Structure formats: C-alpha cells, structure tokens
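Dear colleague,

Please find below the structure that I promised to hand over. My notes on it follow directly after.

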Amino acid sequence: MESKKVLGASLGTCVHVAGVYGFLTLAERFGYQTVFLGPARSPREVVEAVFQERPSMVIVGYRLTECVAERLFKELQNLVTRHGLFRIPWVLSCTPQIEPVARKSGLFTYIFTGREPFSEIVASLVGPGEERKEDTYPGTLPERIAARYPFPLLRHHFGLPTVEETVEGVRRISEAKVVDVISLGPDQNAQEFFFEPHRMDETHKGAGGVPLRRREDLVAIFEASRRGNFPLLRCYSGTNHLKEWAHLLHETIRIAWGAVPIFWYSELDGRSKRPLPEAIRENLEAMKTYIDLGVPIEVNDAHQWSLRGAPDSVAVASFFLGAYIAKKLGARYYVAQYMLNTPPGIVPRADLAKMLAKKDLVQTLEDATFTVFTQIRGGLAHFSPHLEIAKGQLAASTFLGLFLRPHIVHVVNFSEGDHLARPEEVIESAHIVQGVLKDALFDLPDAAKDPYIAEHRARIKQEALLLLEALKSLGQEEDPFLDLGVLAGAVTRGLFDAPHLLGNPWAKGKIQTRIVEGMLYPVDEKGRVLSEEERLRRLGFSF
C-alpha cells in the first residue's frame with residue numbers, strides 16, 4: 001500500500017458526504033493525498049477502489065437507518081476479510097444512532113459522530129485514536145505543541161472553593177478529553193501565605209479559587225488528572241515566596257510553564273505587601289528558578305498594564321521587555337500571552353494592530369536557543385454576565401485571536417462575568433472553542449494587508465521602541481533592561497504608567513487614556529491625543 005493517501009465515499013444510498021469530505025480536507029492538511037469517490041457507493045465499489053488506489057486509510061460515511069447500516073457494514077466486512085484489507089484503518093463518519101451498530105461490526109478503527117473532541121479526529125491521522133496510557137500523551141509543553149500544531153492546545157483556568165470539589169472537577173475535565181492544560185487558580189490566601197499559614201485569614205477561605213493549604217492538595221489534584229487525555233497542569237506563581245512556589249509546583253504537578261510578572265504581585269497592585277523594588281528582584285529570581293528547573297516561562301506584565309488602561313506603547317514595550325529578560329535569564333521556551341479585547345471598547349482591527357506589533361518585537365528575539373509559543377485569550381473584563389451573550393463573545397474573541405496563529409488558546413470561560421466555572425462549563429467552553437477551530441483555523445485572510453492594521457501596527461511598534469529607548473537611558477549598566485534600578489524607574493518615573501494607578505505610592509498614575517475611533521491613546525488634560533514622543537518629553541526625556 002502507498003503511504004499517506006486517504007480514500008473516501010458514502011455507502012449505500014446515502015448521499016450525505018459532508019463528514020467524509022471534511023475528513024479528507026483535514027487529511028490534506030497533514031500531507032495526505034485524497035481520493036473522493038462521492039456519494040452512494042456500494043461496498044464492492046469501495047473495495048475495488050481500494051485495490052486501484054492503494055490508500056493507507058479509508059473513510060466511509062453512512063447517516064441513514066440502523067437496519068440498513070447493519071447490512072452494509074456486514075457486506076463490507078466480508079469483502080475486507082476476504083481480501084485481507086484489515087491491515088489499513090477503516091474510518092466511519094455517521095450519526096450517533098448508527099454508532100452502536102458500527103461498533104458491533106468490529107470493522108472500524110475509528111468512528112466519528114461529531115460528538116468526539118476534535119483532537120481525536122486529528123489523532124486518527126497522526127497516531128492511535130484510542131490512546132489510554134499516559135505515555136502516549138506528551139508530558140511537556142514543547143512536546144505537546146509539536147504533536148498538535150497547527151492545531152492549538154486548549155488551556156482552561158479552574159479552581160473551586162474546596163479542594164475536594166476541585167479534585168473531582170479536574171477528574172471530570174480530564175475524562176472529557178477536551179482541555180490540554182488545566183491551570184489551577186489558588187485562593188488569595190494560598191497565593192500570598194501558603195508558606196506562612198499563620199498569616200492567613202480563614203474567613204476568606206476559597207475566595208477566588210481553590211484553598212490549597214498542603215503539598216498533598218496539589219498531589220491529589222495531579223493524581224485526579226492522570227486519566228482521559230492526561231492534561232498538563234499549571235498554577236498561579238503565588239504572590240509571595242515565588243521561588244518556593246516554583247519548586248513546589250515543579251515537584252507536585254509537573255508545572256507545564258511558570259507565569260511570573262516583572263512589576264506586579266507587589267504594592268503596585270496590592271496582591272502582596274512587597275515594595276516594588278523588592279518584588280522586581282524576587283520576581284526575576286523566580287523566573288530564573290523556573291528556567292533552571294527546565295520549565296518554560298511566561299512573563300505576564302503586558303495585559304496587567306492594559307487591564308489598568310495603560311496606552312498601547314506601554315503594553316507593547318512591557319511585552320517585549322518580559323520576553324527579553326526571560327531570554328537573558330536563560331529561558332529556552334517562552335510563552336507569549338496575548339490578551340485580546342482589553343480594555344473593553346477597543347475595536348478588532350485596533351486590537352490586531354497592537355497584538356501584531358507585540359509579535360513583531362518578540363519575534364526579533366527568536367533563534368536556535370529561544371523558542372516563542374503564541375498563546376491567545378479573551379479579556380477578562382470583556383465578558384458579559386449574561387451567559388448566552390458571553391458564549392458569543394468567547395467564540396468571537398477566539399476567532400480574532402486565530403489571526404495570530406496561536407500554539408495555545410487560553411479558553412476564558414463564558415461564566416467568568418458571573419461566577420467561577422464549574423466542570424460542565426469548562427467542558428462547554430472548550431467545545432465552543434473547538435467549534436471555532438473546526439470552522440476557522442485555516443485559510444484566514446492576511447490581516448497584515450489591511451491598511452488600517454498595517455498603519456497602526458507600524459505606529460504602535462515605533463512608539464514602543466521609543467519608550468524602550470527612553471527606559472534604556474535610565475541605566476549605566478551594560479544591559480539596562482536587567483538593571484533592577486532601571487526597572488523600578490520605569491514605573492516611578494512614569495515611563496510605564498496607567499490611569500488606574502492614581503494614588504499608588506510607587507506609580508505616578510497621572511497618565512490619561514481614551515478610546516478614540518476604537519483605539520486606545522494617551523491624551524492631555526483637554527482630551528487631545530498625544531504621541532508617545534510628546535508624552536515622554538513631558539516626563540523630561542529628550543530625543
């Protein structure tokens with residue numbers, strides 16, 4: 001038999017070919033040649049075509065009645081047995097009501113009804129479709145991405161108000177085989193005081209996430225995930241004792257990647273009591289800890305600035321700065337997370353212009369020693385508390401992010417605007433995103449050719465580079481971007497600033513921003529749009 005060829009047809013009098021044709025189209029994406037016989041083909045015609053075309057796989061479709069399906073499958077099975085054709089996989093596209101008849105026949109290696117995760121359809125083309133053992137699922141982020149790309153991994157945040165609920169939820173999500181990465185969200189008590197339990201206020205237990213209190217809690221959650229598609233796990237980095245958190249998460253849940261900020265989880269955002277300079281030092285040490293453990297790293301500052309209304313120049317410059325620092329600290333794999341729809345009100349074309357400017361700058365850092373993975377997500381403040389509306393927003397945000405060619409889709413649950421996601425809502429959100437991927441992953445138009453996007457992408461990138469030059473001027477060291485004093489000065493001098501930081505002891509908080517024609521700009525006291533050069537000159541920088 002020739003390798004990498006798929007033959008397809010619908011059986012009997014069935015004229016429904018969409019499932020078969022869709023499978024053939026997908027197969028072409030993986031380098032298969034395809035031969036389509038069309039609708040209403042008899043079992044004998046299919047077998048004759050197998051001898052003529054010599055495919056490595058055959059897919060047939062049938063969507064009518066069970067009794068006729070049983071007869072057709074038996075006839076086809078007899079021909080396959082007689083001619084020794086069981087050595088190639090036979091695939092069936094059918095309705096759920098036909099599935100029991102198909103399984104009873106014993107003919108088909110794969111049966112697809114439309115209810116299975118998209119990943120199982122992909123797996124039929126690249127490897128065993130009924131994988132059950134952990135070692136058949138890649139156990140690290142780079143390996144998992146390599147096995148699936150161009151299909152992105154799905155990541156979902158999860159954490160309920162008790163450890164027991166969270167363990168059971170992780171079990172259910174894993175068994176559903178729709179999420180590749182489960183991100184644990186500890187409650188604020190755990191994030192801040194896991195290593196100082198005497199400082200916890202247990203009246204706030206479970207607020208915002210799972211109340212992790214013991215190493216054994218993480219072990220139990222990890223064990224619950226050892227089923228289904230054996231998802232990777234990750235977790236918040238903690239807002240105190242970040243280095244200790246890194247070791248704990250590496251040892252207990254085999255953390256897929258660590259996410260650490262440069263400036264945040266400090267007095268800047270109130271998530272810990274660490275003064276800004278101390279937080280910067282410890283955060284960089286935590287990044288280095290993950291890197292030394294061989295764990296990929298994400299630096300998540302950019303969307304923290306955007307969530308607080310910072311201008312695009314700050315978001316893009318901090319995005320580059322995070323990746324730059326990670327590379328200089330020795331990172332081999334870097335996760336670049338692009339938060340869309342932030343702030344609410346930014347229009348899609350403006351959003352893409354900003355995200356593509358970020359991607360342009362980060363890509364300049366890539367080489368044989370530094371690989372960047374693209375992760376997209378919807379903005380938290382974007383989602384309506386009306387759940388049906390939020391489902392549409394989840395699909396729309398995912399579609400917009402596909403223009404960035406993601407390796408990972410961070411699925412923000414449609415329930416986020418109303419309540420913490422329950423397991424069934426995690427699964428439903430993942431299914432919504434899978435639907436977007438099925439319809440829209442390939443053959444998107446080239447957003448870079450849109451004149452509006454091209455113009456603003458270039459402008460934002462230039463403004464970010466100007467801001468980085470101003471930041472560099474604060475330092476005397478060989479590499480100012482690794483100088484702790486320079487990094488603290490980025491905030492205290494107002495280079496990195498946001499309106500929501502007004503009154504913060506470490507930030508100026510004097511910048512004003514407005515959405516003008518769908519794009520976020522800094523403005524003066526009269527509402528006039530400021531260029532980045534003018535903003536920086538007002539801060540005392542000259543060019």
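**Surroundings of R349**

R349 touches D450, Y452 and I453, leaving aside residues up to four places away in sequence; contact here means heavy atoms within 4.5 Å. R349 belongs to helix α14, residues 348-363. Helices (H or I, at least four residues) and strands (E, at least two) are DSSP runs, numbered from the N terminus. With a relative accessible area of 41%, R349 is partly exposed; buried means under 20% relative accessible area, exposed over 50%, and partly exposed in between, with a 1.4 Å probe and protein chains only. R349 and R332 are 17 residues apart in sequence, and their C-alpha atoms are 32 Å apart in space.

Please note that this is a predicted model, in which local features need pLDDT of at least 70 and side-chain atom pairs count only at pLDDT 80 or more, while totals for chains, interfaces and linings use all residues. Residues are numbered from 1 along each chain as its sequence is written, and side-chain values use heavy atoms, with hydrogens and water left out.

**K391**

K391 is found in helix α15, residues 387-401, and is buried, with a relative accessible area of 18%. Its side chain makes a polar contact of 2.8 Å with the side chain of E428. A polar contact is a pair of N or O atoms within 3.5 Å; within protein, one must be able to donate a hydrogen and the other to accept it, and residues adjacent in sequence count only if both atoms are side-chain atoms. Not counting residues up to four places away in sequence, K391 touches F414, E428 and I432.

β13 pairs in the parallel sense with β6 over four bridges, and H156 has V411 as its bridge partner. Strand β12, residues 371-377, also pairs with β13 in the parallel sense, over three bridges; here R377 stands opposite H410. Two strands pair if DSSP finds at least two bridges between them.

The largest pocket has a volume of about 640 Å³. Its lining comprises 27 residues, of which H157, Y236, R271, R377 and L380 lie nearest its centre. β6, β8, α12, β11 and β13 each supply at least two residues of this lining, and the largest share, three residues, comes from α12. On a 1 Å grid over the protein atoms alone, a pocket is an open set of points with protein on both sides within 12 Å along at least five of seven lines, a cavity is a set of points where a 1.4 Å probe fits but cannot get out, and lining residues have an atom within 4 Å of a point. Grid points are joined across faces, edges and corners, and a volume is the space filled by probe spheres set on the points.

Of the 25 residues lining the second largest pocket, G19, G22, F23, F118 and K438 are the closest to its centre. The largest share of that lining, seven residues, comes from α1.

The whole structure holds four cavities of 30 Å³ or more. About 70 Å³ of space lies in the largest cavity, whose lining includes F118, R148, K177 and D180. α5 and α16 each give at least two residues to the lining of the largest cavity.

With kind regards
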